[in-house]
Amino acid sequence: MNNVLFCTGHELKYPNIVRADNCKIYDEQGNEYLDLESGVWCTSVGHCNPRIAKLMKEQSEKIIHTGYCYYNPIVEKASANILRITGIHNGKCVFLCSGSEAVELSVKIARSVAGKPYVLTMKDSYLSAFGSAGEKNISDWILFDWKNSSDIGKIPFDQISAFIFEPGSSSGLVHFPPEELVQKIINNVRDNGGIVVANEVTTGIGRTGNWFGHNHYNFTPDIVALGKGLGNGYPVSCVAISSKVSDKLDLGIFHYSQSHQNDPLGAAIANEVIAIIEDDDLLNKCRIKGADIVKRLRDIKNKFGIIKDVRGRGLMIAIEFESDENVSWADSINKELLKKNIILAKRPGFEVFRMDPALTIDNSDIDHFISSMESIIGGMTGHVV
Ligand SMILES: Cc1ncc(COP(=O)(O)O)c(C=O)c1O
C-alpha cells in the first residue's frame with residue numbers, strides 16, 4: 001500500500017482482501033475470514049448479495065447518475081418505500097452519499113426551519129465525520145449526558161432547533177437511552193417548536209430487529225437520517241423528511257446541492273435492500289438470531305465468569321469483559337479470535353467487543369463464533385470445554 005492514504009485511525013490488518021460472500025471475506029491466498037462487523041456496519045444483507053449485484057448490473061446498464069435538471073423515476077419509488085417503512089406519510093426523501101452527509105443535511109434543514117440557536121444530542125452519540133455535527137464540541141451544540149437524567153432541567157428547550165437522537169449508540173458501545181427520558185426530551189423539544197431527528201445511520205434498516213432503532217421508542221421522528229445498511233456497502237444515504245418540516249422548507253432560500261444527489265443507482269440499491277429484507281423476513285430473523293447469540297454468550301458468561309455484560313438489540317450486540325489489572329481480557333481474546341480469522345470490533349482502551357453482523361448471517365457462522373469464544377475463554381480461564 002504505497003500510494004494509499006489510510007487515515008481511519010484503525011489498524012489495517014488485512015491488506016489483500018479480494019472477494020466476499022455474505023459474512024465471509026477472502027484474501028488473495030483464498031484464506032477465509034468471518035466478518036462480524038459487516039465492513040463498517042454496512043453490508044446489511046451480506047457482502048455481494050446476489051440480488052444487489054444483479055440489480056447493480058442492470059441499473060448501471062440503464063443509468064447511474066443524473067444531472068440537476070433531469071431525474072429517473074426509480075428515485076420516486078425508493079423515496080415512497082423509505083417513507084412507508086419510516087411511517088412518515090406524505091413526506092419527502094433526498095438521497096445522498098454517506099451517513100455523515102445525511103446527518104449534516106438533517107441538522108441544516110432543522111436549523112433552517114426552526115431557526116433557534118442550539119442543537120441537542122446525547123453526549124455519547126456519533127453523528128458525522130465532518131461539518132457542524134462532526135465538530136459537536138462547538139458552542140451551538142448541547143451534549144446531554146443521559147446517564148445524569150436529572151440534568152434535563154438544565155436544557156434550554158426554548159432555544160433548541162433540533163434534537164438529534166441516535167436510538168442506540170453503536171459507537172458508544174451499544175447503550176440504549178431509557179424510553180421515559182427520551183420521551184420527555186422529545187415532548188419538551190416539540191412543545192417549544194423544535195424538530196426531532198432520528199439518526200438511524202447505524203440503527204436503521206433492520207439492525208436492531210425493527211426497521212429502525214426509534215421503533216423501540218414510542219414516537220415518529222420529523223426527520224430520519226439513513227446510511228450504512230441502506231446501500232449494503234454502496235455509498236448511498238438518505239434523509240426522510242415529514243411534510244410538517246418539508247412544507248416549511250423555503251426552497252427559495254434553502255439550497256444544498258452536490259453532484260450525486262438523488263442518483264438513480266444508489267436509490268435503486270436502497271429500494272432493493274428494503275425488498276430483500278421484506279422478502280426474506282430478515283427483521284424477524286434478526287430478532288431471533290440476535291436473541292440466540294445473546295443467550296449463548298450469557299451462557300458463556302455464567303460458565304466462565306470473565307464476561308461482565310452481554311447486551312444488544314437485534315444484531316447490534318456488545319460483550320463487555322470484567323476489568324482485571326493483570327490482563328485485558330478483551331485484548332487477549334481478540335488476539336485469539338483473529339488467529340481463528342474472526343473479525344469483530346474492539347476499540348483500544350475499552351473492555352468491550354461489538355458485533356454487527358449482516359442480517360443474513362448463517363447459523364453455521366454463529367455456531368463457529370460461539371464455539372470459538374467458548375474454547376478461547378475456556379482455555380484462558382483454565383476450564384475444560
Ligand atoms: C450513528 C452514526 N451516525 C453517522 C455516522 C456517519 O456515517 P458515515 O461514516 O457513513 O459517514 C456513523 C458512522 O459510523 C454513525 O455511527
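Tyr 217 counts as buried in this predicted model, because its relative accessibility is 5%, which falls under the 20% that sets the limit for a buried residue. Tyr 217 also belongs to an aromatic cluster that it forms together with Phe 163, Phe 165 and Phe 219. The points below begin with that cluster and then turn to charges over rings, a pocket and a sheet.

**Aromatic pairs and the cluster**

- Across the whole structure, a search finds five aromatic pairs; in one of them, the ring centres of Phe 163 and Phe 165 lie 5.5 Å apart with the planes at 25 degrees, so this pair is stacked.

**Charges over rings**

- Arg 313 places its charged end over the ring of Phe 176, at 4.1 Å from the centre of that ring.
- Lys 108 lies over the face of Phe 254, with 5.8 Å to the ring centre.

**The second largest pocket**

- The volume of the second largest pocket is about 760 Å³, and its lining is made up of 30 residues, of which Cys 93, Val 94, Leu 251, Gln 261 and Asn 262 lie nearest the centre.
- Two or more lining residues come from each of the elements α3 (74-86), β4 (92-96) and α4 (99-114), and α3 gives the most, with five residues.
- Sorted by class, the lining of this pocket holds 15 nonpolar, twelve polar and three charged residues.

**An open sheet of four strands**

- Four strands form an open sheet in the order β1-β2-β3-β13, and the pairing within this sheet is mixed.
- Strands β1 (17-21) and β13 (342-343) stand at the edges, where each has a single partner strand, so one side of each is left without a neighbour in the sheet.
- Strand β3 (residues 32-35) runs parallel to β13 and is joined to it by two bridges, and Leu 34 stands opposite Ile 342 in β13.

Methods: Residues numbered from 1 in each chain as written. Predicted model: local features only at pLDDT ≥ 70, side-chain atom pairs only at ≥ 80, totals over all residues. Heavy atoms only, no water. Pairing = 2+ DSSP bridges. 1 Å grid on protein atoms, 1.4 Å probe; cavity = no way out; pocket = protein on both sides within 12 Å on 5 of 7 lines; lining within 4 Å. Points joined across faces, edges and corners; volume = space filled by probe spheres on them. Nonpolar A, V, L, I, M, F, W, Y, C, P; charged D, E, K, R; others polar. Phe/Tyr/Trp six-rings, centres within 6.5 Å; stacked < 30°, edge-to-face > 60°. Buried < 20%, exposed > 50% of the residue type's maximum accessible area, 1.4 Å probe, protein only. Lys NZ or Arg CZ within 6 Å of the ring centre and 35° of its normal.
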